[in-house]
Amino acid sequence: MLPSQALLPAVLFALAALRALASDTFLAAVYEHAVILPHPTQEPVPASDALALMNRNMDVLEGAIKEAAQQGAHIIVTPEDGIYGWQFTRESIYPYLEDIPDPAVNWIPCTDPSRFGPTPVQERLSCMARNNSIYVVANIGDKKPCDSSDPSCPRDGRYHYNTDVVFDTQGKLVARYHKYNLFRSETQFDYPKEPEAVTFETPFGKFGIFTCFDILFYEPAVVLVNKMQVDTVLFPTAWMNVLPFLTAIEFHSAWAMGMGVNLLSANTHNTTMAMTGDGLFTPEGPAAYHYDSDTEEGRLLLAELSARPRLSPTYPPAVNWSSHATSIEKFAGENDTFSGAVRKDIFTFRELRHKDGNYTVCQGDLCCHLVYQMSNKRRDEVYVLGAFDGLHGSLIKYHWQICTLLKCPSTNLSTCGQPVETAQTKFDMFSLSGTFGTSYVFPEVLYSGVQLAPGEFEVLHDGRLKSKHGTSKPLVTATLFGRLYEKDQPHPLRISL
């Protein structure tokens, strides 16, 4: 006898939980969504128009969620701004916001939609999760009233928060996260008064969640991994790619390896704004990733991941990121260096003038060391070793230490550091290291055509980023991204207090 319709979600949840408990792995999905955008306006549109737009985007997301569930996925992450887009003023965002309660209220919007007032978006997301027996992660906007008793209350009497929500396989709201590090254009939102470290338990591991720009900061990103000991981070993002490095797939993969956790990165897709690149990243490298700057299509990715990667026999050992570099007194070779800009950051560069060699370049407290051998030294391609030690950013400034082996766009050295996607030169070997003043270092290699190099490099325990058997494709950059969180400038909210 078949279970009744009312009992079916509970039965599916129990079966899914048993499957997950029986395995040390889980099937994860991310969806890169080509968001349907509203017409830019300074004034609020009617609530019905706002909901109509959001429903169009949720129609697309629901299709991806159903497909992921049919393939056995336990959880799916959708992008930041994936339901209503961006380019809002504070006034025009309001019709798109809902009151999102604390998950402690034990609420299933799908079965009790009016408990907290009109919440059609949360109701629909909850039903997507419940009807497909899958965890659903989405990014929406939260509104919270305030009054004159709160000295920080905005003039319009409400707080607006860029917010991630998670619904479990029964459709229950199990997590709510307010983005703490807003990007410079997010003036429609408010900063939360305190950073949030949001976690929740599942049969297939402990999860944490934060949004886009948050990944670059100690709070909440490092706190979740080191203090809360999460196994997997959920990461809705709207990432604008910055070549020659800091593309979405490049840095997100590097972060997962450097922090030793899974990262489920779901990006928005908008080629006009250089938004593309999502993936399922692990401590060992990318399990699956996607980068497409040519079409306007969304993309669903799935991969089986370790539920508790720290317990995996393949979990990478601890790395002393400065051990090798600080043991080297000096490399032989030319001492000539020159300055070049990567966006607004001034790097110190040295040109690799020979087919092979040992090179060093220093800036501030950082010295970067490189041993390399090119497969062929092309006259029409120039590579440099670069070092950067300083603050980056505008509204929120943060401290980088970067060592990079980098291809220049042309033979004119003044172009070194400018965006480049393609290359022709392969390397028989390279070994890159630096005298980092931090244990937070993120390694990654980027090949021609904005492709990653899974399995083709390794990080040794003494801090060397080293090719295993040469590069199978032409190299654009090999980079070690170091973060000195203790040298960051204060959070903007702390400055304003």
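How many residues of the lining of the largest pocket are nonpolar, polar and charged? The lining divides into 24 nonpolar, nine polar and nine charged residues. For this count, Ala, Val, Leu, Ile, Met, Phe, Trp, Tyr, Cys and Pro are nonpolar, Asp, Glu, Lys and Arg are charged, and the others, Gly among them, are polar.

## Before we start

What you're looking at is a predicted model, where local features need pLDDT of at least 70 and side-chain atom pairs count only at pLDDT 80 or more, while totals for chains, interfaces and linings use all residues. Residues are numbered from 1 along each chain as its sequence is written, and side-chain values use heavy atoms, with hydrogens and water left out.

UniProt, in an unreviewed entry, places the feature "domain: CN hydrolase" at residues 31-307. UniProt positions use the numbering found here, feature names are shortened, and annotations may be inferred rather than shown by experiment. That span is 21% helix and 26% strand, and its end C-alpha atoms lie 20 Å apart. Helices (H or I, at least four residues) and strands (E, at least two) are DSSP runs, numbered from the N terminus.

## The largest pocket

Back to that pocket. Its volume is about 1000 Å³. A pocket is found on a 1 Å grid over the protein atoms alone, as an open set of points with protein on both sides within 12 Å along at least five of seven lines; a cavity is a set of points where a 1.4 Å probe fits but cannot get out, and lining residues have an atom within 4 Å of a point. Grid points are joined across faces, edges and corners, and a volume is the space filled by probe spheres set on the points.

The largest pocket has 42 lining residues, and Phe183, Arg184, Phe213, Met240 and Arg343 lie nearest its centre. Each of domain 1 and domain 2 supplies at least three residues of this lining. Strands E14 (345-351), E17 (383-392) and E18 (398-407) each give at least two, and E18 gives the most, with three.

## The listed active site

Which residues does UniProt list for "active site"? The unreviewed entry names Glu80, Lys179 and Cys212. They span 133 residues in sequence, yet no two of their C-alpha atoms are more than 10.4 Å apart, so they gather at one spot. Glu80, Lys179 and Cys212 are also part of the lining of the largest pocket. As for Glu80, look for it in the loop between strand E2 (75-77) and helix H3 (120-132).

## Another pocket and a cavity

The second largest pocket has a volume of about 660 Å³. It is lined by 29 residues, with Met257, Pro283, Pro316, Pro317 and Val319 closest to its centre. Helix H4 (218-227), helix H5 (248-259) and strand E22 (457-459) each supply at least two lining residues. Here the classes come to 16 nonpolar, eight polar and five charged residues.

There are also two cavities of 30 Å³ or more. The second largest cavity holds about 30 Å³ of space. Of its 10 lining residues, His324, His369, Val371, Ser431 and Ser433 are closest to the centre. Strands E16 (366-374) and E19 (427-434) each give two or more residues to that lining.

## Strands side by side

Strands of a sheet pair through backbone hydrogen bonds, either parallel or antiparallel. In this model, seven strands form an open, antiparallel sheet in the order E13-E14-E17-E18-E24-E20-E21; two strands count as paired if DSSP finds at least two bridges between them. At the edges are E13 (338-342) and E21 (451-452), each pairing on one side only. Within the sheet, seven bridges join E20 (441-447) to E24 (475-483), and Tyr447 stands opposite Leu475 in E24.

Elsewhere, E10 (278-282) and E11 (285-290) pair in the antiparallel sense over five bridges. A hairpin joins E10 to E11 through two residues, and Thr282 has Gly285 in E11 as its bridge partner.

How values were computed
Domains from an automatic or database assignment.
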